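Q: I would like to learn how to read a few local features from a model. Could we take them one at a time, with the general idea before the case?

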Amino acid sequence: MALQIYNSLTRKKEEFKPINSPSVGMYTCGPTVYDFMHIGNLRTFLLSDILYRTLVASGYKVKLVMNITDIEDKIIKRAKERNITPSELTSKYTKAFKENLQKLNILPADVNPHATEYISQMVEYIKALVEKGLAYEKDGSVYFDISKFPEYGKLSGVETRELKTGTRILSDEYAKEDVQDFALWKAVDKDEVGMMSPWGWGRPGWHIECSVMSQEQLGETLDIHVGGIDLMFPHHENEIAQSEGKTGKKFVNYFVHGEFLLVDGKKMSKSLGNYYTLCDIEEKGFTPASFRYLVLTAHYKDQMNFTWESLKGAQTAYERLKSLVSGVAQSDRTVLSAEKEEKIDEYREKFWAAVNNDLNMPQALSVVWEVAKSNIPSQDKRDLILLFDEVLGLGLGDVRKDTDTDEDKELSGEVKKLVEEREEARKNKDFKRSDELRDKLQEMGYEVEDTPEGTRVRHAKK
Ligand SMILES: [Zn+2]
């Protein structure tokens, strides 16, 4: 059964069909690195990770791109307040963000483009929009003229009859009522952080960076674009207008949006004192894995209500599952009866039916518990649950220390390249080369296993 996923563009569940199977291009809107992520943000990145893992486990070759917004009004304001440079501020929070992902067992993206590295491409992109008559300059800023893009509003459903043509909005964030021309390039004072452009000193708007970086990395049409529901308008609506206006092609085939996380039934806010980060969770004695488990207990399209009580429940359930898996010795394998083998197949099917049904993780977790409580041999129980964990990402089989070193992280890109090279060699029946590459990977401390789905590499247990 193929993956069915809810597409915000069509407002219905659809079978996922990539443009160029088995390749999949996936883009997730990344963080603006001016502060620690709150747990609502982290829920969105967990959705992206579950989807990514699901696709990989289904045999797709996914290229995941996640941008880092390191130039933006909030960044510049905060750096000024703290009397440091914007890059000092952004490098601190980029590091913190990546640590969060690692702690939550979120697989790293293949590419993390930084906005500051794509300014010249953004300028070119904006120039092209001006040349096509879709954007115009006014007082050193450049605006997208939404009246020139009749499909404006097709994603979020904002009423285009409220469209205020000729009025302009310079801020990156605005209310739903503000259906107005938005800034692609913002003029700023000479003494402010900025760069020179054909329109003078300024800096890019937030929306343009996602169009530019996603297309630079993945081409003009993306298979999947993921983000929080709060990004649907104006951010994603504007991304569509810019991108489709420029290329004349569909920008995204499947738009996937994760719902809000509430705390004690209320929207999180610093003023209410219910604004939490992963640090807060750890300080209260909970593990990041318990938070991941908790997130899996709610469907991504439902609002999730976070309470400390619910996190406690998740921690207990998670610990029980983990000890069940780690309590099984490697050696007590028994011969399966045909009846039990049938049972295992049945569980596997049920698990995948849940995952493929629009990532129904609460259902998938209930299958995990069915397996845990079943009478199949404990070794098979363990193997099956660990197989499911490739999608769940709970790290149930991890006995390794929780945090990888920076060196490990940097290796992963190189390792990936070697694995790809080795797969190519195997495809071409160049076994000498493929053996050489396997030796190299082993030397680097990785276990290499050839499976029907391709090469699987994991860090050798330390
Ligand atoms: Zn974005």
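Q: How many residues apart are Glu99 and Lys95 in helix α3, and by what part of the helix are they separated?

A: First, a caution: this is a predicted model. The general idea is that an α-helix has 3.6 residues a turn, so residues three or four places apart point the same way. In helix α3 (residues 86-103), Glu99 and Lys95 are 4 residues apart, which means a separation of about one helical turn. Their side chains form a salt bridge, at 3.5 Å from N to O. Glu99 is partly exposed, its relative accessible area being 35%.

Q: Which residue meets Arg438 in a salt bridge, and at what N to O distance?

A: Side chains of opposite charge can pair when their charged atoms come close. For Arg438 the partner is Asp435, at 3.9 Å from N to O. These two residues belong to helix α14 (residues 431-443) and are 3 residues apart, about one helical turn. Arg438 has a relative accessible area of 24% and is partly exposed. Asp435 is also partly exposed, at 37%.

Q: Which residues of α4 are buried?

A: Start with the helix itself. Helix α4 covers residues 119-131, 13 residues in all, and reaches 18 Å from its first C-alpha to its last, close to the 18 Å expected at 1.5 Å a residue. The buried residues in α4 are Ile119, Met122, Val123, Tyr125, Ile126 and Leu129. They lie on the same side of α4, because they cover an arc of only 160° around the axis. On the face turned away from that buried side are the exposed residues Ser120 and Glu131. After α4 comes Gly133, with a positive phi near 80°.

Q: In what order do the strands β13, β14 and β15 stand in their sheet?

A: Strands of a sheet pair through backbone hydrogen bonds, either parallel or antiparallel. Here 3 strands make an open sheet with mixed pairing, in the order β14-β13-β15. β14 (266-267) and β15 (304-306) are at the edges with a single partner strand each, so one side of each has no neighbour in the sheet. β13 (residues 261-263) pairs with β14 in the antiparallel sense over 2 bridges. Leu262 is opposite Lys267 in β14.

Q: Which protein atoms are the donors of the zinc ion?

A: The protein donors of the zinc ion are Cys29 (SG), Cys210 (SG), His235 (NE2) and Glu239 (OE), at 2.1 to 2.8 Å from it. The angles among the 4 donor atoms run from 68 to 130°, and the site is irregular. Along the chain the donors follow the spacing C-x180-C-x24-H-x3-E.

Q: What is the relative accessibility of Cys29?

A: Cys29 is at 6% and counts as buried. Cys210 is buried as well, with a relative accessible area of 0%.

Key
Residues numbered from 1 in each chain as written. Predicted model: local features only at pLDDT ≥ 70, side-chain atom pairs only at ≥ 80, totals over all residues. Heavy atoms only, no water. Expected span 1.5 Å × (residues − 1). Buried < 20%, exposed > 50% of the residue type's maximum accessible area, 1.4 Å probe, protein only. Arc of directions from axis to C-beta. Donors = N, O, S within 2.8 Å, 3.2 Å for Na, K, Ca; no water. Tetrahedral: all angles 85-135°; square planar, octahedral: opposite > 155°, others 65-115°. Pairing = 2+ DSSP bridges. Salt bridge = Lys/Arg side-chain N within 4 Å of Asp/Glu carboxyl O.
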